[in-house]
Amino acid sequence: MPTEFHPPVPMPAAAVATDTGHAPADPVSRGWITLFGLVWFGYWMASLVPLQLLLPQQLEIIDPASKVRSFAVVNALAGLVSLVALPVCGALCDRSRSRFGRRRLWLAGGALSFAAGLAVTGEQTTVTGVTLAWSASMVGLSAATAGLTAMIADRVPVDQRGVVSSTIYGPQSLGVVTGIALVSAFALSPARGYLVVAALLIVCTLPFLARFRDTTYDSEPALRLRTLLTSMGRSLRNRDFAWAFGGRLLVNLANSLGVCYTLYFLTDDLKVPDPAGSLLACTALYLLAGVLASSVAGVLSDRLGRRRIFVALAALLQATSGFLLASFPDFGVTLVASAVMGGGFGAYMAVDQALITQVLPDAESRAQDLGIMNIGTIVPPALAPLIASFVITSDRGYPLLFSCVGVAASVGVLLVYRVRSVR
């Protein structure tokens, strides 16, 4: 981690309407950053290994003939749950008052609930059971996300947010590849795989909770539905907030469409002899490129005081990977495209998270507004399988799917450049 941080270039006057003016001034320590990144390592492992490996394997065992449709339905319903749970958990997190701290309370409770949901999901033997258990898990995931993302706006100064955001998305691919490697190396069943990632989620969360404290607050009136809807509507009417949300939604959708059926793409379309091993190789390249790109982009963004150009170039890398696979569906090209997409997504999310925290409309509703933004991160991986299932069963199949990846990421670039209050 760098030891000094350079102040960003002053923002235009329009930025006064956002939460940037309420950002903390004191930098967070290296210890805080390291343990915060460890939490995210466990978080990504627990949330993405099931999506990329465990759920597809489990559904193939339950009903191999309908695995594509079943995977789509499971994730679509889970996505609907997340769509509601993310902003509601965020709003409740803003209003929580306890000696344990409002953010730590939601992180701890959410992690425990999510881990329990993973364990229950692994025990299911019907598509209905998997759907209900995985959807319930999304409530715990949403609660943990509310606490985690709000900590950035609460604790991290603007000129350190690129680096801190890199510690969020740098571990993403590392968490996925570690989880897949553990499941593959020990030939774990889906049920045991769920237990392993659930346990690692708790292990990675405990050090941060034990060492760092949160601000305590007095009691506050309970949340009312009308108040929540009014506040959400006010946030989405903020143009920069809305454009940033749209860009995040589309770029995450592009990435999710590109990776959600990788195992089935390798198995059914490319017909590689070792699909699980090939998936691990693709994920490893995605990891290496993502870690490198996220760390470099985050530091440069902080030092130059620029966000949009990094976000745009990173999204274009993802678009390139989609068009590349659409044109040349081959395993060698898949490896290259995995690296390009990993690098693009790692750099995008590292800098975009910093950009997002600078367009929050109100300091008093940070977790709620970030809950809305988190819809753009968590819901696309849930809805992508449903969209992709219709695409890959069409006449054009996977080439059309990867073309959609390129188009979605390209449009996301255009939306990012509509944000005016952040350079």
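The following legends describe close-up views of a predicted model.

**View 1. Helices α8 and α12 cross each other.** Helix α8, which covers residues 239–259, and helix α12, which covers residues 331–357, have axes that come within 11 Å and cross at roughly 155°. Because angles over 145 degrees count as roughly antiparallel, α8 and α12 are described as roughly antiparallel to each other. The crossing of these two helices, α8 and α12, is left-handed.

**View 2. Residues where α8 meets α12.** On the α8 side, the residues in contact include Ala244, Gly247, Arg248 and Val251, while on the α12 side they include Met341, Phe345, Tyr348 and Met349. Sorted by class, the contact of α8 with α12 has ten nonpolar, five polar and two charged residues.

**View 3. The largest cavity in the structure.** A search of the whole structure finds five cavities of 30 Å³ or more, and the largest cavity has a volume of about 560 Å³. Its lining is made up of 38 residues, of which Leu48, Gln52, Asn255, Ser256 and Val259 lie nearest the centre of the cavity. Helix α1 (residues 30–62) gives the largest share of this lining, six residues. By class, the lining of the largest cavity has 24 nonpolar and 14 polar residues, with no charged residues.

**View 4. The second largest cavity.** About 70 Å³ of space lies in the second largest cavity, and the residues that line this cavity include Trp32, Arg103, Arg104, Asp154 and Phe208. The elements that give two or more residues to its lining are α3 (102–122) and α4 (127–155), and the largest share, three residues, comes from α4. By class, the lining of the second largest cavity has four nonpolar and six charged residues, with no polar residues.

Notes:
Residues numbered from 1 in each chain as written. Predicted model: local features only at pLDDT ≥ 70, side-chain atom pairs only at ≥ 80, totals over all residues. Heavy atoms only, no water. Axes fitted to C-alpha atoms, helices over the stretch in contact; angles between N-to-C directions. Helix = DSSP H or I, 4+ residues; strand = E, 2+ residues; numbered from the N terminus. Parallel < 35°, antiparallel > 145°, perpendicular 65-115°, else oblique. Left-handed = near helix turned anticlockwise from the far one by under 90°. Contact = heavy atoms within 4.5 Å. Nonpolar A, V, L, I, M, F, W, Y, C, P; charged D, E, K, R; others polar. 1 Å grid on protein atoms, 1.4 Å probe; cavity = no way out; pocket = protein on both sides within 12 Å on 5 of 7 lines; lining within 4 Å. Points joined across faces, edges and corners; volume = space filled by probe spheres on them.
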